[in-house]
Amino acid sequence: MISPKGSNLSKRLLLLLNNFEETLAGRLKKLNPKDRDGVLSLSWMKLAMVSLCETHNDIKTLITELELPVCDWDEKWIDAYLDISVNLLDICNAFSSEISRLNQGHLLLQCVLHNLDSSSSKQFIKARSSLDAWRQHISSKNPRVENCSTILNKLGESLDLPKVKNSAKGKVLMRAMYGVKVGTVFICSVFTSAFSGSARKLFDLNVDDKYMWAQAFTGLQTNINSEITNLYSSGRFTALKELEAVDTSVKKLYPMIQDGVDPIEVEAFQNSVSDLARRAEGLSQGLDLLTKEVDGFFHVVLSGRDALLCNLRESGTVSDPKLGCKVVEIVQS
């Protein structure tokens, strides 16, 4: 077992901490794609969101195992937890809005495919119009996603959590929360980069080797960031694998319906339509699955925040009535 430098932790606390950090390291290793095709697919993003949910649930479990009631928490720990959670809820809402926006584009592609069922020139004109609308829709920016960078910058600048002096359990909790925060900021930065179409949204976080999960995290961050940067450098407008596949099909199909289908190219045209239909359906299904995981992460964060506030109110720790209203405000928004 690895004992944090300068700490006087009991064997039991060391075991809890090392188990937590070993589990986190294992999850980070699983997220490291075995090949370049895994970056940046919707299936990887779904796996990343599942990993975040599990890790945040692990913090709840750790708090219970530490037998550290909220009434014994330092005010700085509470502030740190509440600040992180409210920012993550905002980020989840932004991601959900972007996934919904991308899914709206699927309706335009369905109109394209419907109109291409006919060989009528009028239907081709309608199909071109829908493709133009899809291109414009996909290339537009979502201000809520753009704002995620501001939120993540704030979290990134305050990665170091409050120092703990007189509580061994508090030291374990803060060290574990640091790992959760680092992993969360990184994954959310990858999502923000994918949704915004910019490698500049990525973070390059430095983690001390003293953490058992440091090597796994550094390897993951290096591989993901370098591959996404390469994708954007090659001229791609998106790093999302499934969205890029649809865009490729659209670019191939557009000239055919713009100039009219030559009788000799009928088979190629039909193949292009089939490719677009298949890829559009794959994108839509992937987005639906990702939506469920983002919603799940939102509720994991919200339930943890809600439980903390309820415990604070019950213990009489909360003197500011505004704290008790934050959960209601979040749910309503």
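How many cavities of 30 Å³ or more does the count come to? The count comes to 2 cavities. A cavity is a set of points, on a 1 Å grid over the protein atoms alone, where a 1.4 Å probe fits but cannot get out. Grid points are joined across faces, edges and corners, and a volume is the space filled by probe spheres set on the points. Rolling a probe the size of a water molecule over the atoms shows where empty space is left.

This is a predicted model, in which local features need pLDDT of at least 70 and side-chain atom pairs count only at pLDDT 80 or more, while totals for chains, interfaces and linings use all residues. Residues are numbered from 1 along each chain as its sequence is written, and side-chain values use heavy atoms, with hydrogens and water left out.

**Confidence**

The predictor's confidence in each residue, pLDDT, runs from 0 to 100. Its mean for the protein is 87, and 90% of the residues reach 70 or more. Among the elements, H1 has the highest mean pLDDT (96), and helix H10 (residues 326–332) has the lowest (35). Over residues 319–333 the pLDDT is below 50, and this stretch has 15 contacts in the model beyond near neighbours in sequence. A contact means heavy atoms within 4.5 Å. Helices (H or I, at least four residues) are DSSP runs, numbered from the N terminus.

**Cavities and a pocket**

The largest cavity holds about 220 Å³ of space. It is lined by 16 residues, of which His56, Tyr81, Ile84, Leu88 and Val180 are the closest to its centre. Lining residues have an atom within 4 Å of a point. Helices H2 (42–65), H3 (75–115), H6 (168–196) and H9 (266–315) give two or more residues each to this lining.

The second largest cavity is lined by residues including Leu24, Ser51, Val180 and Ile187. Here H1 (11–31), H2 and H6 each supply at least two residues.

A pocket is an open set with protein on both sides within 12 Å along at least five of seven lines. In the second largest pocket, 13 residues form the lining, and Ile63, Val70, Ala307, Leu308 and Asn311 are the closest to its centre. Both H2 and H9 supply at least two residues of that lining.

| Space | Volume | Largest share of lining |
|---|---|---|
| Largest cavity | about 220 Å³ | H6, 5 residues |
| Second largest cavity | about 60 Å³ | H6, 5 residues |
| Second largest pocket | about 210 Å³ | H9, 5 residues |

For residue classes, Ala, Val, Leu, Ile, Met, Phe, Trp, Tyr, Cys and Pro count as nonpolar, Asp, Glu, Lys and Arg as charged, and the others, Gly among them, as polar. The largest cavity has 10 nonpolar, 4 polar and 2 charged lining residues. The lining of the second largest cavity divides into 6 nonpolar, 5 polar and no charged.

Helix H7 (residues 214–233) has 20 residues and reaches 28 Å from its first C-alpha to its last, close to the 28 Å expected at 1.5 Å a residue. The expected span is 1.5 Å times one less than the number of residues. Buried residues of H7 include Phe217, Leu220, Ile224 and Tyr232. The buried residues of H7 pack against H1, H2 and H6. After H7 comes Gly235, whose phi is positive, near 100°.

His137 lies in helix H4 (residues 121–139). His137 counts as buried because its relative accessibility is 18%, and buried means under 20% relative accessible area (1.4 Å probe, protein chains only). Not counting residues up to four places away in sequence, His137 touches Arg101, Gln104, Gly105 and Leu108.

Definitions and conventions
Buried < 20%, exposed > 50% of the residue type's maximum accessible area, 1.4 Å probe, protein only.
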